[in-house]
Amino acid sequence: MRWTKTLIPTLREDPQEAEIDSHKLLLRAGLIRKLAGGLYTFLPLGLRVLHKVERIVREEMDRAGALEILMPALHPREIWERSGRYSIMGDVMFRLADRQKKDFVLGPTHEEIVTELAAGELRSYRLVPRTFYQIQAKFRDEIRPRFGLMRAKEFIMKDAYSFDVDSQAADASYDAMYQAYVRIFKRCGIRTKVVEADTGAMGGKWSHEFMVLADSGEDGLVECTSCSYAANLERAERQPPEPAVWETGDDLPEPVATPGQRTIEEVAAFLKCKPAQLIKTMIYRLDGKPAAILVPGDREINEHKLPQALNVREAVLADEATIASVTGAPVGFAGPIGLTIPVYADLGLKGIRGGVTGANRADTHTRHVSLDRDAAITAYADLCVVKGGDRCPRCGADLAEQRGIEVGHVFKLGTKYTEAFNASFLDENGHQQTLIMGCYGIGVTRTLQSIIEQSRDANGIIWPTAVAPYPVIVLPMNVQHEPTMAVVNRLVGELETRGIEVLVDDRDERPGVKFKDSDLVGFPIRVVVGERGLAKQQVEIKRRRDTQAVMSPLDEALTTIVNMIQHDTQQE
Ligand SMILES: [Zn+2]
């Protein structure tokens with residue numbers, strides 16, 4: 001392909017709309033263009049990369065025995081009603097009606113649709129196990145689409161769904177997908193970290209996320225500095241710390257005036273104590289019933305963990321009226337002493353001496369609190385957001401905090417959907433049994449951008465060979481010089497005969513412009529053909545990720561390039 005025959009609209013300046021480097025580079029390298037917030041057009045080079053990522057995904061799904069299908073993106077409302085998710089998905093789901101005023105949604109995911117299929121088709125144990133997958137556009141009405149392809153309203157996803165006869169077989173299907181994911185991300189040239197994750201609106205029992213570590217990542221995660229434990233912050237646990245003993249515990253609780261001091265920071269400053277000494281008391285509704293949740297003053301409550309830890313379906317913060325009626329005080333002065341509702345305390349508060357809490361009275365706190373002695377604690381549980389420096393739940397070593405981008409997610413769903421859709425099969429003995437399900441997603445467009453986020457430098461993108469728009473760019477220094485172009489054309493012909501895709505920068509531009517653009521777009525191998533080199537029968541070959549170029553004899557250039565590509569593809 002010739003540069004002058006395609007469309008590669010590179011930009012010199014960082015676009016205003018882009019916040020993170022990979023988004024800037026997608027735009028600057030001429031890979032995508034924005035239509036509207038969260039909606040992007042893939043230009044020729046961007047689409048080439050997208051197709052390569054998709055091909056890797058497809059090959060590994062096929063290798064793992066999954067069957068490709070294609071389901072509609074437009075779904076009738078009723079099918080989402082059957083799982084109960086028509087309401088659970090809330091505003092994230094695009095909803096529309098047809099001309100007969102029948103309600104439809106644009107699919108944000110496909111559990112309902114594929115389970116309906118399985119209920120109709122997988123009726124005998126002879127047809128199970130089956131794993132289906134598709135690569136398709138998904139739609140989510142993000143509150144704040146941002147970071148380019150990272151959080152878009154329309155994006156491309158590979159979603160897969162497994163159906164098995166029993167839990168053990170389902171584990172094998174899960175493992176096959178897990179291993180396929182490991183291979184996919186490796187072949188795409190990105191390093192991922194697998195972490196334990198929350199199941200969220202998907203439901204189910206267990207899940208793992210594949211994270212690309214990046215400071216710009218929207219997800220927080222912790223990993224153990226000693227063992228292999230790693231988890232999304234939404235799910236991460238910790239071993240209880242040593243009891244927080246601030247005082248001997250001999251003093252009895254004592255009210256102290258704190259006029260207008262509501263926040264942890266205000267109260268701590270006013271009483272000259274540490275934020276950690278405060279016992280943060282928040283009133284929640286657990287399945288509708290009020291309860292108090294206590295965590296140390298310097299910690300945050302982890303709302304994702306509350307349902308499982310407290311064995312409820314839903315935990316939401318109570319409104320001001322509820323707080324006032326339960327505590328008898330305005331917001332900011334709640335405390336556990338004397339409450340008649342259930343009180344759940346984080347493990348970090350067990351054994352605290354000399355704590356400070358709200359007094360359930362306006363402008364008043366209580367000090368010298370020993371929680372076990374002074375309050376009726378319903379139960380202690382792991383309720384707060386874990387952070388770096390906490391103790392690993394497995395081995396007790398320090399946890400370290402990182403940021404990551406979720407590119408893949410595998411879930412063990414169990415029977416949540418198959419029960420709702422009566423997806424059952426006849427077993428060998430003629431008994432009706434419910435199918436066991438798993439689901440597995442890869443954000444394909446997000447993976448593409450994550451590759452850039454992880455593989456770039458100050459000059460631009462550094463594509464891994466397997467997903468580069470073209471693995472080789474040939475750069476004639478002077479397109480008017482006929483002997484130069486003759487060498488270029490011959491080399492390109494030879495490379496293409498070997499199945500290697502080449503872009504020729506045939507623009508009549510200064511070399512500086514071409515070098516800059518070549519680095520910006522990030523072609524893995526750059527071949528420069530210039531008059532000075534040709535005088536010595538040489539061309540210059542340089543890897544994008546190397547600093548040094550090598551001069552290669554003309555008749556060895558082909559072999560050198562082919563070897564580099566083979567070597568690099570295996571390395572990545
Ligand atoms: Zn550990």
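**View 1. Tetrahedral site of the zinc ion in the predicted model**. The site is tetrahedral, with angles of 99 to 117° among its 4 donor atoms (four donors count as tetrahedral if all angles lie between 85 and 135 degrees). Cys224 (SG), Cys227 (SG), Cys392 (SG) and Cys395 (SG) coordinate the zinc ion at 2.2 to 2.4 Å; donors are N, O and S atoms within 2.8 Å of the metal (3.2 Å for Na, K and Ca). Along the chain these donors are spaced C-x2-C-x164-C-x2-C. Cys227 is in the loop between β11 (219-224) and β12 (230-232) and Cys395 in the loop between β20 (379-381) and β21 (399-414), so the pair ties together parts 168 residues apart in sequence.

**View 2. Packing of helix α2 (residues 44-63) and helix α12 (residues 444-454)**. The two axes, lines fitted to C-alpha atoms over the stretch in contact, come within 10 Å and cross at roughly 110°. α2 is therefore roughly perpendicular to α12 (65 to 115 degrees). Gly46, Val49, Leu50, Val53 and Glu54 of α2 contact Val444, Thr445, Thr447, Leu448 and Ile451 of α12, contact meaning heavy atoms within 4.5 Å. By class, this contact has 6 nonpolar, 3 polar and 1 charged residues.

**View 3. Packing of helix α13 (residues 482-497) and helix α16 (residues 557-571)**. Leu491, Glu494 and Leu495 in α13 meet Ala557, Leu558 and Ile561 in α16. By class, 5 nonpolar, no polar and 1 charged residues form this contact.

**Notes.** Residues are numbered from 1 along each chain as its sequence is written, and side-chain values use heavy atoms, without hydrogens and water. In this predicted model, local features need pLDDT of at least 70 and side-chain atom pairs count only at pLDDT 80 or more, while totals for chains, interfaces and linings use all residues.

Terms used. Axes are lines fitted to C-alpha atoms, for helices over the stretch in contact, and angles run from 0 to 180 degrees between N-to-C directions. Helices (H or I, at least four residues) and strands (E, at least two) are DSSP runs, numbered from the N terminus. Ala, Val, Leu, Ile, Met, Phe, Trp, Tyr, Cys and Pro count as nonpolar, Asp, Glu, Lys and Arg as charged, and the others, Gly among them, as polar. Four donors count as tetrahedral if all angles lie between 85 and 135 degrees; four count as square planar and six as octahedral if opposite donors are over 155 degrees apart and all others between 65 and 115; anything else is irregular. Angles under 35 degrees count as roughly parallel, over 145 as roughly antiparallel, 65 to 115 as roughly perpendicular and the rest as oblique.
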